[in-house]
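Work through the exercises below with the sequence and the model side by side. Each task is followed by its solution.

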Amino acid sequence: MSGTLNKVMLIGHLGDEVKMHYFEGGGCVGRFPLATNETYTNKTTNERVTNVEWHNIVLRNKAAEICEKYLSKGDKVYIEGRIKTRKWQDESGNDRYSTEIQANEFTFLTTKKDSQAATTPQAQVQKPTEKKAEPAGNTASDDDLPF
């Protein structure tokens, strides 16, 4: 195989709100941290250990705007993209590096709204009312079809 591949797939929780930056030309960039974790049992101490890895997610234009609108801290999301390392200089002139995930696909898995709906008490379920028989000669409407 002579080609190369740079592909990342992550499922994790947002560590903060989506931060947007808008440009004069009309484009925009959205950034947020994503936490993924790994849990295992330490064989010597028999205790459960959880390691958290943080990823810097970068989205552009419409994708960034959609994520800003619908995602918030704590939401679970699937991200697909590629790894990109940027080189920059700090205030002292030292070279610094940032590794980011340039996302090109995403799927919302759970949102805070979903979590809150699951924990809030639901209204009491009412018994369905019996449907009265239709008078002879009436045809069923599309709403009465079983599919």
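**Exercise 1. Find the side-chain polar contact that joins Glu100 and Gln102, then describe the setting of Glu100.**

Step 1. The side chains of Glu100 and Gln102 are joined by a polar contact of 3.3 Å. (A polar contact is a pair of N or O atoms within 3.5 Å; within protein, one must be able to donate a hydrogen and the other to accept it, and residues adjacent in sequence count only if both atoms are side-chain atoms.)

Step 2. This is a predicted model: local features need pLDDT of at least 70, side-chain atom pairs count only at pLDDT 80 or more, and totals for chains, interfaces and linings use all residues. Residues are numbered from 1 along each chain as its sequence is written, and side-chain values use heavy atoms, with hydrogens and water left out.

Step 3. Arg31 also makes a side-chain polar contact with Glu100, at 2.7 Å.

Step 4. Glu100 counts as buried because its relative accessibility is 3% (buried: under 20% relative accessible area, 1.4 Å probe, protein chains only).

Step 5. Strand 6, residues 95–110, holds Glu100 (strands are DSSP runs of E, at least two residues, numbered from the N terminus).

**Exercise 2. Describe how strand 2 and strand 3 pair.**

Step 1. Strand 2 (residues 19–22) runs antiparallel to strand 3 (residues 28–41), with 4 bridges. (Pairing requires at least two DSSP bridges between two strands.)

Step 2. His21 has Val29 of strand 3 as its bridge partner.

Step 3. The two strands form a hairpin with 5 residues between them. Gly26, in the turn, has a positive phi of about 105°.

Key:
Buried means under 20% relative accessible area, exposed over 50%, partly exposed in between (1.4 Å probe, protein chains only).
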